[in-house]
Amino acid sequence: MAMSASHNMMTGFTLDMLRTTPLCSFNTKPILSSNLLPSRPTSLFNTQFCIFPSNSVIPTISIRQPKRGFSGGIVAMAAHGSAQKSEEEWRAVLSPEQFWILRQKGTEYPGTGEYDKFFAEGVYNCAGCGTPLYRSITKFNSGCGWPAFYEGIPGSINRNPDPDGMRTEITCAACGGHLGHVFKGEGFPTPTNERHCVNSISLKFVPANS
């Protein structure tokens, strides 16, 4: 993900990021400045998502289907850009972590997100504006360290190439909040052969029975 210097994002320590290579494999470590993380990792932050090189072995995954189909509880999408706010308004309603990821395109540290290995039945909404983004039946365990979905709810997600042209960013269509990146053709046995690699902090899960 595109990064910019971010200071004093969390109480108690300062994040100071260096520019890294835009992609990494499962066999390489991201290049991080020595003071990027505290000595004991917290839920924050990593600077990039991993993709799978063509000669790598793709981890075995399972797509969990619910015992009963879940199709209710999703209403019409908000119009594109309908939930826009000023930077000051977003700061007032989002936590520091949410603001950094949703509005400043940050990335949480791999394997630490609330929804990485979470497979309850329901819908994942945008944590910024509440727009429904993903159904739980499209979530799968990719082994990458972030929640993975093979498709979003139609009309809810925008795609834009990163400035370097190497990855495709995905954002909430209603508020523009940064979600993560989408990767194609990695060989996962999913209906779309896509992996939406999403920050847990960008999402808010709503159970099917709520």
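The legends below describe close-up views of a predicted model. Residues are numbered from 1 along each chain as its sequence is written, and side-chain values use heavy atoms, with hydrogens and water left out. Because the model is predicted, local features need pLDDT of at least 70 and side-chain atom pairs count only at pLDDT 80 or more, whereas totals for chains, interfaces and linings use all residues.

View 1. Six strands form an open sheet in the order β3-β4-β8-β7-β6-β5, with antiparallel pairing; strands are DSSP runs of E with at least two residues, helices are runs of H or I with at least four, both numbered from the N terminus, and two strands pair if DSSP finds at least two bridges between them. The edges are held by β3 (139-140) and β5 (157-161), each of which has a single partner strand, so one side of each is left without a neighbour in the sheet. Strand β4 (residues 148-149) is joined to β8 by two bridges, and Phe 149 stands opposite His 196 in β8.

**View 2. Salt bridges around Glu 194.** The side chains of Arg 159 and Glu 194 meet in a salt bridge at 2.8 Å, N to O, the term being used for a side-chain nitrogen of Lys or Arg within 4 Å of a carboxyl oxygen of Asp or Glu. Arg 159 lies in strand β5 and Glu 194 in strand β8, so the pair ties together parts that are 35 residues apart in sequence. The side chain of Lys 184 also meets that of Glu 194 in a salt bridge, at 2.8 Å, N to O, and salt bridges that share partners join Arg 159, Lys 184 and Glu 194 into one network. Glu 194 is buried at 8% relative accessibility, Arg 159 is partly exposed at 41% and Lys 184 is exposed at 58%, where buried means under 20% relative accessible area, exposed over 50% and partly exposed in between (1.4 Å probe, protein chains only).

**View 3. Ser 200 in its loop.** Ser 200 is placed in the loop between β8 (194-198) and β9 (203-207), and is buried, with a relative accessible area of 4%. Leaving aside residues up to four places away in sequence, Ser 200 touches Glu 108, Gly 113, Glu 114, Tyr 115, Asp 116 and Pro 147, a contact being heavy atoms within 4.5 Å. A polar atom of the Ser 200 side chain lies 3.0 Å from the backbone nitrogen of Tyr 115.

Notes: Polar contact = N/O pair within 3.5 Å; in protein donor to acceptor, adjacent residues only side chain to side chain.
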